[in-house]
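Subject: Structure handover

Hello,

Here is the structure I said I would pass on. My notes on it follow below.

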Amino acid sequence: MQTWPSPSVPRVPGTPRPLRLHDTSTGEIRPTTPGATANMYVCGITPYDATHLGHAATYLAFDLVYRQWLDNDHDVHYVQNVTDVDDPLLERAVRDQDDWVVLAMRETALFREDMAALRVLPPREYLGAVESIPEIVEAVAKLLADGLAYRADDPEHPDIYFDRLASGHFGSVSNYDEPTMGRYFAERGGDPDRPGKRHPLDALLWRTARPGEPSWESELGPGRPGWHVECSVIALNQLGMGFDVQGGGSDLIFPHHEFSAAHAEALTGQHPFARHYAHAGMIGLDGEKMSKSRGNLVFVSRLRADKVDMMALRLGLFSGHYREDRAWSAEVLADAQTRLGRWRDAVGRDSGPDADDTIARLRDHLANDLDTPQALRAVDAWVNATLAGDGSDLSAPLRVREAVDALLGVEL
């Protein structure tokens, strides 16, 4: 699948800081410790609708991870998927009387445009579920043959399910208790009440063909993949076990990341799937949770159509910490636009205060679990001094501009 163009990333002189990142599985902020190549997998969209601000906040958070690793001279191997066949996509296509393939292609293309406009660094591999079906079938067949999966007791639709306890580490990503798991499983695409399953929390691996649904012939019988195994297989094939960071929104902690890890660990007999599980918070609108059911999604493409500067959008989302659930509003955007204007004014001046301390503080804050609110304040301090006429360093405006570009992805 085609990715999107990459913006250039300036080199920043000085001493980079190793990235420390919150790990959901341990509840601690701890160092990421990549080798020469840093490996990251971030779960992609299900392309039944346009990119909203919740998506944008997640991909911007992991764009910052990418940028901190680049600053530390790591090659970055970034992989992202597209869930281009799944129930929400098929349901939307039926609702809108659209072809599901055309819908997926159209929304994926729009997502790429949005990411390019936001200057998000693209993944090296950008893979769809559909193009990965042969590898998924192979993995599911292995789990079935090894007794780690089973067919539902349903003669008409003997779907294949994963035994949640098969890996021996189920629950180690989320650390949720079973009642919490059950609640989220029902809310987030699971089927706890499906007859024929051995346990309500067992996850779907292969859905046998139903009338009116797309399906693929395979040794498993005609059907299509479940959601979680798609990411297990793509990450395993591209990165292998024990890659550096598995990322996504906090709504993916369970069941998606719990099961994608459990599937991979059952397939390989190794633990852990990823060495870090990092999750971005949710974005609300004017004090309410932003969701398709509420009809209050703010779409990146609509903001682009309204000529909103995407660098202001970056700054607005960075004004809160990536792990926090936080609100978007007209005021947040207005403040970000004002900040962007002041920053551009300052870096356009002939001189300013020495940039070394500002760049060092910027690095310090971003290396500390991507603390963007403090990072923005560090730049604000330099901007305020520059606009007040302080400092005579002729190189400082360009150096600050390039550091903000490289480390925050904000083009001034």
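I will start with a single residue. Asparagine 175 is partly exposed, at a relative accessible area of 48%; here buried means under 20% relative accessible area, exposed over 50% and partly exposed in between, with a 1.4 Å probe and protein chains only. Asparagine 175 sits in the loop between β7 (160–162) and α5 (178–187), where helices (H or I, at least four residues) and strands (E, at least two) are DSSP runs numbered from the N terminus. The phi angle of asparagine 175 is positive, near 60°, in a residue other than glycine.

Two points on how to read the rest. This is a predicted model, in which local features need pLDDT of at least 70 and side-chain atom pairs count only at pLDDT 80 or more, while totals for chains, interfaces and linings use all residues. Residues are numbered from 1 along each chain as its sequence is written, and side-chain values use heavy atoms, with hydrogens and water left out.

Backbone

Aspartate 73 also has a positive phi, about 65°, although it is not a glycine. Aspartate 73 belongs to the loop between α1 and β4 (75–82) and counts as exposed at 53% relative accessibility.

There are also cis peptide bonds to note. One runs from phenylalanine 254 to proline 255, with omega near 5°, and proline 255 is part of helix α7 (residues 253–268). Another joins histidine 271 and proline 272, with omega about 5°; proline 272 is in the loop between α7 and β11 (277–280).

Salt bridges

Side chains of opposite charge can pair when their charged atoms come close. The whole structure holds 31 salt bridges, each being a side-chain nitrogen of Lys or Arg within 4 Å of a carboxyl oxygen of Asp or Glu.

In one of them, arginine 224 meets aspartate 87 at 2.7 Å, N to O. Arginine 224 is in strand β9 (residues 223–225) and aspartate 87 in helix α2 (residues 87–95), so this pair ties together parts 137 residues apart in sequence. Arginine 224 is buried, at 2% relative accessibility, whereas aspartate 87 is partly exposed at 32%.

Aspartate 356 and arginine 399 form another salt bridge, again given as 2.7 Å, N to O. Here helix α11 (residues 356–367) holds aspartate 356 and helix α13 (residues 396–408) holds arginine 399, so parts 43 residues apart in sequence are tied together. Aspartate 356 is partly exposed at 42%, and arginine 399 is partly exposed at 22%. Elsewhere, salt bridges with shared partners join Asp87, Arg207, Glu213 and Arg224 into one network.

Cavities

Rolling a probe the size of a water molecule over the atoms shows where empty space is left. The search finds two cavities of 30 Å³ or more. A cavity is a set of points, on a 1 Å grid over the protein atoms alone, where a 1.4 Å probe fits but cannot get out, and lining residues have an atom within 4 Å of a point. Points are joined across faces, edges and corners, and a volume is the space filled by probe spheres set on them.

The largest cavity contains about 50 Å³ of space. Its lining includes Ala57, Leu64, Phe318, His321 and Arg326. The elements giving two or more residues to this lining are α1 (53–71) and α9 (310–318), with the largest share, four residues, coming from α1. By class the lining has seven nonpolar, three polar and one charged residue; Ala, Val, Leu, Ile, Met, Phe, Trp, Tyr, Cys and Pro count as nonpolar, Asp, Glu, Lys and Arg as charged, and the others, Gly among them, as polar.

The second largest cavity has a volume of about 40 Å³. Arg17, Gln68, Asp71, Asn72, Arg363 and Ala367 line it, and α1 and α11 each supply at least two of the lining residues. That lining has one nonpolar, two polar and three charged residues.

Nonpolar cores

A nonpolar core is a set of buried Ala, Val, Leu, Ile, Met, Phe, Trp, Tyr and Cys residues joined through side-chain atoms within 4.5 Å. The largest has 70 residues, of which Met40, Leu118, Leu313, Trp343 and Leu408 touch the most other members. The most residues in this core, eleven, come from α1. A second, separate core has 45 residues, including Ala139, Phe243, Leu267 and Ala274.

Regards

Methods: On a 1 Å grid over the protein atoms alone, a cavity is a set of points where a 1.4 Å probe fits but cannot get out, and a pocket is an open set with protein on both sides within 12 Å along at least five of seven lines; lining residues have an atom within 4 Å of a point.
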